[in-house]
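Let's walk through this one together, a question at a time. Here is the model to keep open beside you.

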Amino acid sequence: TREARVIILDKVNIQDFHVADVRGILSQSPVQWKTYLVELTHPDGMTSAANVQLCVSRIQGRGVAHHSLRPGEADVPGILNRMRSSVEDLDSTGFRGMHRVDSTI
């Protein structure tokens, strides 16, 4: 039987250089990966206050389980608001496709 290899990379991809980083790493691999870019979206838009609040509530719900944004240790709303001001349309070149998933589900 053929064994499926899957890597799920959970990473902030709000600017194209984040995606280019991953694309570059995968292009150097001896394995031919079938790569797909999954983008979380929000019905009110990625840069909406509603999306930021959703993210804040999820981070607060995880508490110290989040590896970098810990409520009480970081200004989570401030960090997310700064991030939303730098969101770019992502270039899916080099990926087999881009799939958008509603972040509210």
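**Contacts, folds and charges**

Q: Which residues does P71 touch, not counting residues up to four places away in sequence?
A: Contact here means heavy atoms within 4.5 Å. With residues up to four places away in sequence left out, P71 touches I59, Q60, G63 and V76.

A quick note on the ground rules: this is a predicted model, where local features need pLDDT of at least 70, side-chain atom pairs count only at pLDDT 80 or more, and totals for chains, interfaces and linings use all residues. Residues are numbered from 1 along each chain as its sequence is written, and side-chain values use heavy atoms, with hydrogens and water left out.

Q: Where is P71 found?
A: Helices (H or I, at least four residues) and strands (E, at least two) are DSSP runs, numbered from the N terminus. P71 sits in the loop between α2 (49-62) and α3 (76-84).

Q: What distance separates the C-alpha atoms of P71 and I59?
A: Along the chain, the two are twelve residues apart. P71 also has I59 among its contacts. Their C-alpha atoms are separated by 7.2 Å.

Q: Which residue forms a salt bridge with R100?
A: A salt bridge is a side-chain nitrogen of Lys or Arg within 4 Å of a carboxyl oxygen of Asp or Glu. A search of the whole structure turns up one. Its closest N and O atoms are 2.9 Å apart, and the partner of R100 is E39.

Q: Is E39 buried or exposed?
A: Buried means under 20% relative accessible area, exposed over 50%, partly exposed in between (1.4 Å probe, protein chains only). R100 has 57%, so R100 is exposed. E39 has a relative accessible area of 16%, so E39 is buried.

Q: Which residues make the nonpolar surface patch of about 390 Å²?
A: Patches use residues with over 30% relative accessible area and no salt bridge; like charges are joined within 9 Å, nonpolar side chains (Val, Leu, Ile, Met, Phe, Trp, Tyr) within 5 Å. Areas come from the Shrake-Rupley method with a 1.4 Å probe. The patch is made by V38, L40, V101 and I105.
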